[in-house]
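Dear colleague,

Please find below the structure that I am handing over to you. My notes on it follow.

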Amino acid sequence: MKLNASIEQSFKVSYTYKLHFTQDVFDAQNGVLKNVVAGYQKKGAIKCLFVIDDEVARHFPDLSDRIVAYCKAHNTVLQFTNSIVVPGGEECKNKNEYVENVLEAINSNHICRHSFVVAIGGGAVIDMVGYAATIAHRGVRLIRVPTTVLSQNDAAVGVKNSINIFGKKNFLGTFAPPQAIINDSRFLTSLDNRDWIGGISEAIKIALIKDPVFYDFLKEQAVALSQREMEPMNYLIYRCAELHMQHIAEGGDPFESGSSRPLDFGHWAAHKLEHMTNYTVRHGEAVAIGMAIDLTYASLLGFIDKQKLKEILEVMKTIGFDLQLPFQNKEDIQELMGGINEFREHLGGELTITLLSEIGVKKDVHEIDLEVMKKAIEMLNTQSL
C-alpha cells in the first residue's frame with residue numbers, strides 16, 4: 001500500500017414524508033394513523049409507543065383510553081405497547097430527565113428501529129421526543145401529532161429535533177425527518193388564547209419573507225384570527241406548513257449546513273428573549289417581538305419604508321401580539337443584544353441575519369450596526385415609530 005493514500009466515497013439518501021390533515025385522529029373510523037403505519041410495513045402489527053404532552057392529557061382526559069381503543073380496533077396493524085405523559089412547554093427541553101424518561105420507555109417497551117414512537121403535543125414536546133427517538137438505536141421511527149398552532153404550522157413540519165442546554169436554545173439536536181406528521185384540528189379547540197395567537201407569528205414570518213399573497217390574507221383575516229375563527233386558521237396552518245416544507249425541499253440546505261437561515265427571521269432576538277424571561281415569554285410571542293425589532297431596524301436602514309413598517313406592526317397587534325419587550329432597562333437590552341453573537345455561533349461561520357426589503361423579498365445581511373439596532377429596540381418599546 002502506498003503512503004498518503006486516500007479513499008473517497010459519496011452517496012445520496014432520499015427522504016420522503018407526508019403531512020396529513022384530519023380531525024379526531026383517534027376515532028376508530030379515522031384511518032390516517034393506521035394507514036401511515038401500514039404503509040411502512042404491510043405484514044404484521046407494529047409496536048407503537050405514545051408520548052403525550054401533559055397539557056394535552058389534561059384537556060383530553062380520555063385520550064390514553066382512546067389510543068388503546070384505536071390500536072385494538074386496528075390490531076392487525078398497530079400493537080399498543082405503552083403511553084407515557086411528559087411535561088409540556090419548554091420545561092421538557094430544559095431538563096435531561098425527560099429525554100431519559102422517553103429513552104427508558106423505548107428500552108423497556110422494546111421499541112426497535114422498525115417500531116414507532118408517536119409524539120403527541122406542542123412544539124417543545126415534539127422537539128424533545130424527536131431528539132430522544134433519533135438517538136435511541138441511532139434512530140427509531142417517529143410520527144408527530146402536533147397539537148398547537150405553532151407546532152402544526154412550523155415546529156413539527158420540519159426535520160429538526162432538539163433540547164436546550166448551557167442556557168442556549170436547541171444547543172443539542174439532530175436532523176431526522178419523521179415518518180409522517182398528522183395535524184388534527186380537534187386539538188386546537190383546547191388552546192388558551194396565548195397559544196392560539198402565538199403560533200400565528202410563524203405564519204406572519206414566512207408570509208413576509210416568501211409570499212405577499214399570503215400576507216394579504218393574514219392582513220384581511222387579522223380580526224377573524226384574533227376572534228378564533230377556525231376556517232381562516234385551518235387555511236393559515238395549511239399554507240404556512242406548505243411554505244415551510246417547500247423551503248426544506250427546495251431551499252438547497254435541508255440540514256442547515258450553510259449560514260443563511262431565512263426561516264429564522266426574527267429568531268436571534270426570540271431565542272435570547274425566551275431564555276432571559278425563563279420562557280415565560282413563549283416562542284411564538286418572542287418571534288413576534290423579534291420580527292418587530294428586525295423590521296424596525298430594516299426601516300431605519302431604509303430597506304422598508306416607515307408606512308409599510310407601521311402597517312405590518314398594526315396587523316400583528318390586531319391579531320393580538322404585544323410587541324413591547326418585557327423589560328426596559330439598558331442592562332437587559334444590552335444582554336438581549338448578546339443574542340446576535342449567540343445566533344452567529346449557533347449558525348456557525350458567518351453571521352447572517354434575514355431582513356425584509358419588501359413584502360415577499362428577504363435581504364440577508366452579515367453585519368449589524370449595534371447602535372442602530374439598539375435604537376430600533378428603544379423605538380419599538382416607546383412606540384415612537
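Leaving aside its neighbours within four places in sequence, which residues is I120 in contact with? They are F26, F50, V51, I52, D53, V56, L63, I67, V125, V145, T147 and F187, where contact means heavy atoms within 4.5 Å.

This is a predicted model, in which local features need pLDDT of at least 70, side-chain atom pairs count only at pLDDT 80 or more, and totals for chains, interfaces and linings use all residues. Residues are numbered from 1 along each chain as its sequence is written, and side-chain values use heavy atoms, with hydrogens and water left out.

I120 lies in strand 4 (residues 116-121); strands (E, at least two residues) and helices (H or I, at least four) are DSSP runs numbered from the N terminus. The relative accessible area of I120 is 0%, so I120 is buried (under 20% relative accessible area, 1.4 Å probe, protein chains only). P146 is 26 residues from I120 in sequence, yet their C-alpha atoms are 5.8 Å apart.

Strand 6 (residues 160-165) and strand 7 (residues 168-175) pair in the antiparallel sense over 5 bridges; pairing requires at least two bridges found by DSSP. I165 has K168 in strand 7 as its bridge partner. In this hairpin, with 2 residues between the strands, F166 takes a positive phi near 60°.

With kind regards

Conventions:
Buried < 20%, exposed > 50% of the residue type's maximum accessible area, 1.4 Å probe, protein only.
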